[in-house]
Amino acid sequence: MKQSTFVPLAPLSTSRGDEQAPPSGARFKRRFHVMAKPTGSACNLDCTYCFYLHKEALLEQRRGKFMSDRTLETFIQQYIEAQDGESIVFSWQGGEPTLMGLDFFRRVVELQAKYAPSGQRIENNLQTNGVALTDDWCIFLNENNWLVGLSIDGPRDLHDAYRVSRSGKPTFYQVMRAVERIHSHGVNFNALTVVNRINARRPVDVYRFLTREIGATYVQFNPCVEPRTFRNVAPQFWDDATIPEVGSARARPGGEDSIVTDWSVDPDDWGYFLTRTFDEWYRHDLGRVLVNLFETAVAQTLGMPSQLCITAPFCGKGLAMEHDGRVYSCDHYVYPEYELSDIFDRPLNEIAFSERQKVFGFAKKDTLPKYCRECSHLNLCWGECPKNRIVRAPDGETGLNYLCPGIRAFHAHAGPRLRQIARSIAPSSAG
């Protein structure tokens, strides 16, 4: 299953917080992030809720056609040359990137060393379902200090509900063997959980499993929201006449005429999941476990920039590159309508800061409906991810986020404690 953006965050005490939103007066800094997909949409699993497997047909990818050495070297050289930060972060995703084999990633390290500038640090992260992680893989990951994002959806019955093999068999025990190898070889890892229609109703079970059973100290929760037409209709190209009002039966999963797939999380369940896990985290793991959505909520309560693109006022600095070098506006916008160019026609730095991509990035804030602009939680949400803006506001205006009821419920619940945490970190900064 291809998941959402995997970009590791620093703790609040060390986070610069300037990677997602342009500061006042600067608009776009010369920093951006690319998720490289060396296998394209190819995967060794067939997760029910995967939003990427269909890209093979949509993008007319040739089966088994993976990233060439020429494309790899061109990408690494251009990406390094385009970055001006202290660290240069490479993210390898898919599909399933381990299908490339270890020799490909040994070549990655070799090419990074070839082009690495003095004074800048090269970092790598690998988003994987874990099925192919052998001892040799884990030795490589440890020796080269790679960070692994492991996709796992909770205890066995919850994980196996949607995360199955190509033959439809459960995968939980294969992933747990990967967890054992990760720990035995000292590999740094984060847990990434897709919150779907089923596991959203058991938040504490999921959270305790991730933090107690597999020992994750950094957790990413990504809500599963997929319109029924996601396989062939690009975000923002929906038929306005079919968009339902928030809170209506069509704006929830499970109905025959629902706007979303059956596996999408219910908006109210998303709020329930967040509030229950937040309470568990606050009571038992504050300062020990980092949760992506809670970490950035604290930062934003302190008045700092968002640490995540989804809760920043702007987006557009997290691009996706397919195995053939074609670049798209975002991982969730890999559709022909959002293809920007390829790295053989234009260098990455020109693609990332093209006028077309800037318009895409600033549209996140510019297209917010009035219902959002008047919301007391605006500075903590900013309409969440634009690809989820598939319902109407109560006044009938389009462009409201499908998850809005849950997001509002979470911030109403967590707000007092977020402000308390903020005061304890910086008494003079939080009101």
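Which elements do the buried residues of H7 pack against? Before the answer, one caution: this is a predicted model. Now the answer. The partners are H5, H6, E5, strand E6 (218-223), helix H8 (267-284) and strand E7 (290-291). And who does the packing? In H7, the buried residues are Pro 203, Val 204, Val 206, Tyr 207, Phe 209, Leu 210 and Thr 211. Just past the helix sits Gly 215, with a positive phi of about 75°.

Let's take one of those partners, H8. General point first. A pair of packed helices is described by the angle between the axes and the distance between the axes. For H7 and H8, the angle is about 45° and the axes are 8 Å apart. That makes H7 oblique to H8. The crossing is right-handed. On the H7 side, the contact uses Pro 203, Val 204, Val 206, Tyr 207, Arg 208 and Arg 212. On the H8 side, look for Tyr 272, Phe 273, Arg 276, Thr 277, Glu 280, Trp 281 and His 284.

Next, H6. This helix runs over residues 172-184, which is 13 residues. At 1.5 Å a residue, H6 should span 18 Å. The end C-alpha atoms are 19 Å apart, which agrees. Which residues of H6 are buried? They are Phe 172, Val 175, Met 176, Ala 178, Val 179 and Ile 182. These residues cover an arc of only 150° around the axis, so they sit on the same side of H6. Here is the background to that. An α-helix has 3.6 residues a turn, so residues three or four places apart point the same way.

The face away from the buried side carries exposed residues: Tyr 173, Glu 180 and Ser 184. Back on the buried side, the packing partners are helix H4 (135-143), strand E4 (147-151), helix H5 (156-159), strand E5 (188-195) and helix H7 (203-213). After H6 comes Gly 186, again with a positive phi, near 70°.

How do H9 and H14 pack? Helix H9 covers residues 292-301, and helix H14 covers residues 404-425. Their angle is about 65°, with the axes 9 Å apart. That makes H9 roughly perpendicular to H14. H9 passes H14 in a right-handed crossing. From H9, the contact is made by Phe 294, Ala 297, Val 298 and Thr 301. From H14, the residues are Phe 410, Leu 418, Arg 419, Ile 421, Ala 422 and Ile 425.

Last topic: the backbone in the loops. Start at Trp 382. This residue lies in the loop between helix H13 (378-381) and H14. Trp 382 has a positive phi of about 55°, although it is not a glycine. Is Trp 382 buried or exposed? Buried, with a relative accessible area of 13%. Glu 384 also lies in the loop between H13 and H14. Its phi is positive too, about 50°, and Glu 384 is not a glycine either. Glu 384 is buried, with a relative accessible area of 6%.

One more loop, between strand E2 (87-92) and helix H3 (102-115). That is where Gly 95 lies. The peptide bond from Gly 94 to Gly 95 is cis, with omega near 15°.

That's my tour. Thank you.

Methods. Residues numbered from 1 in each chain as written. Predicted model: local features only at pLDDT ≥ 70, side-chain atom pairs only at ≥ 80, totals over all residues. Heavy atoms only, no water. Helix = DSSP H or I, 4+ residues; strand = E, 2+ residues; numbered from the N terminus. Expected span 1.5 Å × (residues − 1). Buried < 20%, exposed > 50% of the residue type's maximum accessible area, 1.4 Å probe, protein only. Arc of directions from axis to C-beta. Contact = heavy atoms within 4.5 Å. Axes fitted to C-alpha atoms, helices over the stretch in contact; angles between N-to-C directions. Parallel < 35°, antiparallel > 145°, perpendicular 65-115°, else oblique. Left-handed = near helix turned anticlockwise from the far one by under 90°.
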